[in-house]
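Me: I have a protein model open and would like to go through it piece by piece. Can you help me read it?

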Amino acid sequence: MSQPLPVPSDEETWTQSSGDVASAQIPQNAPPESPSKLVPEVSPLIVENEIPANFLFWPVIETAIGKTSGGLVFAAYKHDPDTPVLLGNLSRLGPTGGLDKQIDALDVFASWHSVSLFDPLTRRARGVCTSRPKIIPGARPFPATSPHGDVFAIGNLPTKRLNALPLATENPSVDDQAWVILPVQDQGFRVVSCRIADFDHNWLSFVLDDTATHNLTGKLQWAELADDKSQLDIGGAPLVNAAAEVIGVVSALRHNDDRWTGQASLTAYFQDYL
């Protein structure tokens, strides 16, 4: 029998105030080819595995057609760290997240009520956000081909209670090294290394490094295995480059032929709508 979800107290509510600014009481389409680049210096966040608090969350979303939960959302910003957004998978707003039908990208704004945010490792309540999502018109749920990815974005957020990472200003290239930030049971947050494998049907594909996958299976905190037991439910995890800039929003991570492969929405596909 499943445990009831914790509910944040009134003191932990993010409310939308006048002027469409949220206050807080709680703590286009395949990417252009990139020129040859020098091997970049790796961010201390990656080297030290130091993931900031209030960056990555486990969401419970209230919509006009029901409640959906699972996956991850995280804080990022385009230009100004004082104007962050929460990014997650549009596919969560449908059968993947437990709803009877998929909410279309154009209907997300009208259908959205709120999102409760929890620590993905402890499920400690972090806050409730009532800001509505931005409209990303070409977004589609994974695995559908989409010009703008499998994403939703929530703006008008309290900046002092979020630690956001910047969105990348350059597109990755095939064979670039990248990292997925994941909550792992009994291990805390882990920065898992991978390689960019391909850009196919507007999806960025990546492969986890062999050394990164040791003991990973079954260790992802709050992950719900799919029926075939080969796909982990970590949709919404951030994919970052060596500078700890977000290059993608993960939609799937699947175990095939003794390796983990994933698909993500490239941030370049939807940045213009943030």
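Reply: We can go through the strands, the core and the surface in turn. Keep in mind that this is a predicted model.

Me: OK. How many helices and strands does the protein chain have?
Reply: The protein chain has two helices and 17 strands.

Me: How does S11 pair with S12?
Reply: S11 covers residues 177-184 and S12 covers residues 188-200; the two pair in the antiparallel sense, over eight bridges.

Me: Which residue in S12 is opposite alanine 178?
Reply: That is cysteine 194.

Me: And how many bridges join S12 to S13?
Reply: Six bridges join S12 to S13, which spans residues 203-208, and these strands run antiparallel. Across this pair, serine 205 in S13 stands opposite aspartate 198.

Me: Switching topic. What share of the residues is buried?
Reply: Of the 274 residues in the protein chain, 52% are buried.

Me: And the accessible surface, what does that come to?
Reply: About 12900 Å² for the protein chain, with 47% of that belonging to carbon and sulfur atoms.

Me: Which residues touch the most other members in the largest nonpolar core?
Reply: Leu87, Val180, Ile181, Phe206 and Leu239, out of 67 residues in that core. S11 gives the most to this core, with six residues.

Me: What does leucine 87 touch, then?
Reply: Leaving out residues up to four places away in sequence, leucine 87 touches a list that includes Leu72, Phe74, Phe152, Leu167, Val249 and Phe270.

Me: Now the outside. Which residues form a nonpolar patch on the surface?
Reply: Leu106, Phe109 and Ile135 do, and together they have about 290 Å² of accessible area.

Me: Where is isoleucine 135 found?
Reply: Isoleucine 135 is in the loop between S8 (125-129) and S9 (152-154).

Me: Last topic. How many salt bridges are there?
Reply: The count comes to one salt bridge. Lysine 67 forms it with glutamate 62, and their closest N and O atoms are 3.6 Å apart.

Me: Are those two residues buried or partly exposed?
Reply: Lysine 67 is partly exposed, with a relative accessible area of 45%. Glutamate 62 also counts as partly exposed, at 30% relative accessibility.

How values were computed: Residues are numbered from 1 along each chain as its sequence is written. This is a predicted model: local features need pLDDT of at least 70, side-chain atom pairs count only at pLDDT 80 or more; totals for chains, interfaces and linings use all residues. Side-chain values use heavy atoms; hydrogens and water are left out. Two strands pair if DSSP finds at least two bridges between them. Helices (H or I, at least four residues) and strands (E, at least two) are DSSP runs, numbered from the N terminus. Buried means under 20% relative accessible area, exposed over 50%, partly exposed in between (1.4 Å probe, protein chains only). Accessible areas come from the Shrake-Rupley method with a 1.4 Å probe; for residues, only the protein chains shown count as cover. A nonpolar core is a set of buried Ala, Val, Leu, Ile, Met, Phe, Trp, Tyr and Cys residues joined through side-chain atoms within 4.5 Å. Contact means heavy atoms within 4.5 Å. Patches are made of residues with over 30% relative accessible area and no salt bridge: like charges are joined within 9 Å, nonpolar side chains (Val, Leu, Ile, Met, Phe, Trp, Tyr) within 5 Å. A salt bridge is a side-chain nitrogen of Lys or Arg within 4 Å of a carboxyl oxygen of Asp or Glu.
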